[in-house]
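Okay, thanks everyone for coming.

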Amino acid sequence: MFFISVSSRKDRGIISMDEFVFARVVHVLGVVLWIGGVAMVTTVLIPAMAQMRSASERTDFFARIEGRFAPQARVVTLLVGLSGFYMVHFLNAWSRFTELRFWWMHAMVLVWVIFTLMLFVVEPLVLRKQIPKTAQHDAEKTFRRMRRMHWILLSLSLITIAGAVAGSHGWMLRGE
Ligand code: HEM
């Protein structure tokens, strides 16, 4: 059904709308995989780690999990960014960034920039080298900080998703 609709639109020369819909599909799938993973880490894995007895047990466990999630999150972050900027370009919606009622557009870019910096700069260049060297007495402090950061980022992401879905379907802060 979908393919029939795409090819008939192609024949009529309006394929770009399909490209926009495709970008939206990629964008939303990326957000689900990415923020879903962050929610899993924050609400399930980190509380499970809190029950572990030693700091070294926690560090090993986190390194194993993170080693699998980070590469996946990097690819997905790139896809979300590419599809997002493509949609801004397609909609010619750059002026939205000058209006407060499109706060959810700023929030999307903010969340994306924070995670991009974490995944591509802070994690590989700073954390990967620092965490194994962290002394036993600092490990507890590092773990608490990591737990707090995950909750802050997850909350910010969920507020952003709620705002983006509501906003892109016409539910604005003030009028149209
Ligand atoms: C570079 C970063 C990003 C850009 C440029 C961007 C851009 C966009 C654009 C242009 C739309 C369509 C708006 C419309 O139809 O009026 C959109 C939709 C959306 N974005 Fe983003 N986005 C980015 C990152 C994110 C992030 C990090 C999240 C999640 C935390 C996110 C979640 C969503 C959601 C949930 C929608 C609504 C989809 C729907 O209901 O159909 N975006 N984004």
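**Helix packing and the ligand shell**

So, α3 and α4 pack with their axes 10 Å apart and at an angle of about 145°. Axes here are lines fitted to C-alpha atoms, for helices over the stretch in contact, with angles running from 0 to 180 degrees between N-to-C directions. On α3 the contact is made by A70, A73, R74, T77, V80, G81 and G84, and on α4 by M108, W112, F115, T116, L119, F120 and E123. Contact means C-beta atoms, placed from the backbone, within 7 Å. By class, that contact has 8 nonpolar, 4 polar and 2 charged residues. For the classes, Ala, Val, Leu, Ile, Met, Phe, Trp, Tyr, Cys and Pro are nonpolar, Asp, Glu, Lys and Arg are charged, and the others, Gly among them, are polar.

Before I go on: this is a predicted model, where local features need pLDDT of at least 70 and side-chain atom pairs count only at pLDDT 80 or more, while totals for chains, interfaces and linings use all residues. Numbering starts from 1 along each chain as its sequence is written. Helices are DSSP runs (H or I, at least four residues), numbered from the N terminus, and strands would be E runs of at least two.

Now the ligand. 23 residues surround the ligand, and the closest are G84, M87, M108, A164 and S168. Near means a C-beta atom, placed from the backbone, within 6 Å. Two or more residues each come from α2 (15–50), α3 (55–91), α4 (103–130) and α5 (136–168). Which helix gives the most to the shell? That's α3, with 7 residues. The shell divides into 16 nonpolar, 6 polar and 1 charged.

S168 sits in helix α5, and S168 counts as partly exposed because it has 15 C-beta neighbours inside 10 Å. The cut-offs, with C-beta atoms placed from the backbone: buried is 20 or more other C-beta atoms within 10 Å, exposed is 12 or fewer, and partly exposed is in between. Buried residues of α3 are R58, A73, V76, V80, S83 and G84.

Last stop, N92, in the loop between α3 and α4. N92 isn't a glycine, yet its phi is positive, about 50°. Most residues other than glycine have a negative phi. N92 is exposed, with 8 other C-beta atoms within 10 Å.

Methods: Two residues are in contact if their C-beta atoms, placed from the backbone, lie within 7 Å.
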